[in-house]
Amino acid sequence: MTSHRPRERVALLDAFGELDDVAQELTGLPVEVVRAERVPSGPGVVALLLGPSTELTAEEVAALPDLRIVAVTATGYDHIPVDAVTAAGAWVTTSAGYCTDEVAEHTLAFVLDLLRRVTVLDRSVRQGRWDVLAARPRTAAGSVLGLVGFGRIGQAVADRAAVLGMRVAAYDPTAPDDAFDQRAVERHHELTALLAVADVVSLHLPLTPATEGIVDAEALAAMKPGACLVNVSRGGLVNHCALADALTRGHLAGAALDVLPTEPPPPDEPLLALPGVIVNPHAAWYSPEAHRRPFRMAAGYVADVLSGHEPAGAVARPRATPRDAKDLR
């Protein structure tokens, strides 16, 4: 009896993605693109396109003997067991850059809202008040915007803020000096020094063991009295109990959050009850164009790997010989 090897499959695990977008990038390769609600197992699965809400475990990786690549359809990859994937002979890629403009613009919208108090004033009018001093707007020009993280998105925010006449400062131990010099951005080598001078602090960091909870009670206490916090990165960067306390005590004037530790938040989330807090449903990345872009990027990286090439979006390369290294061209 002749045994037939299962046809190679590319599994899409992201409800936002369209199969046609993925299939188009894989035209000419003998693979089938399938949608999956959970991580599949068994032979024949050569690639996973994984959304940010799908956790991948080392055990699930071990159950995929033909896996060649895990392509994340987002920028962050803290939900991927990178060591397990690379030890299994597979690549890890992300779609970093797919929503740089969108997130930078959303960040600036948050910054302007917090300074000009647009949302707070709107709420006061709806409550029957007509008082410009209900929130006391401040000017953006001359205000200090402190960026924690100065990668692709942080730099895009800095470019936009400079046009408004804001003074921009940043903290990022890994960013090259020329990224600061080209934009006349003040570099701070200590996080507490940046926090002490910024009128608005905006976070642009990945969530890693080193950055988890980086904005804790001590960091919040180091912030300038009356300052505001913006987070469009990951909810786990901020200790939300400490943030609620700093806002309630009046040490901070406001916060704008696109991400939370639990999404959606429970009804008793204390930050939702505070008037100076703006909460969005993890929407900073979205535009009609950005909706489709990460899936095409991720599928392109899959095509690279299956064609025997190194993917441009790689964040981790195989540490072992791929278990199925044949060229699928």
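Close-up 1. D21 has a relative accessible area of 2%, which counts as buried (under 20%; exposed is over 50%, partly exposed in between; 1.4 Å probe, protein chains only). The model is predicted: local features need pLDDT of at least 70, side-chain atom pairs count only at pLDDT 80 or more, and totals for chains, interfaces and linings use all residues. Residues are numbered from 1 along each chain as its sequence is written, and side-chain values use heavy atoms, with hydrogens and water left out. D21 forms a salt bridge with R292 at 2.6 Å, N to O. A salt bridge here is a side-chain nitrogen of Lys or Arg within 4 Å of a carboxyl oxygen of Asp or Glu. D21 lies in helix α1 (residues 19-25) and R292 in helix α11, 271 residues apart. Helices are DSSP runs (H or I, at least four residues), strands likewise (E, at least two), numbered from the N terminus. R296 also bridges D21, at 3.4 Å. D21, R292 and R296 make up a network.

**Close-up 2. D159 and R183 pair at 2.9 Å, N to O.** D159 sits in helix α6 (residues 152-163), and R183 in the loop between α7 (177-181) and β8 (186-187). D159 is partly exposed, at 37% relative accessibility. R183 is partly exposed at 24%.

**Close-up 3. The largest nonpolar core has 55 residues.** Such a core is a set of buried Ala, Val, Leu, Ile, Met, Phe, Trp, Tyr and Cys residues joined through side-chain atoms within 4.5 Å. V10, L26, L49, F150 and V302 touch the most other members. Helix α11 (residues 288-306) gives the most, with ten residues.
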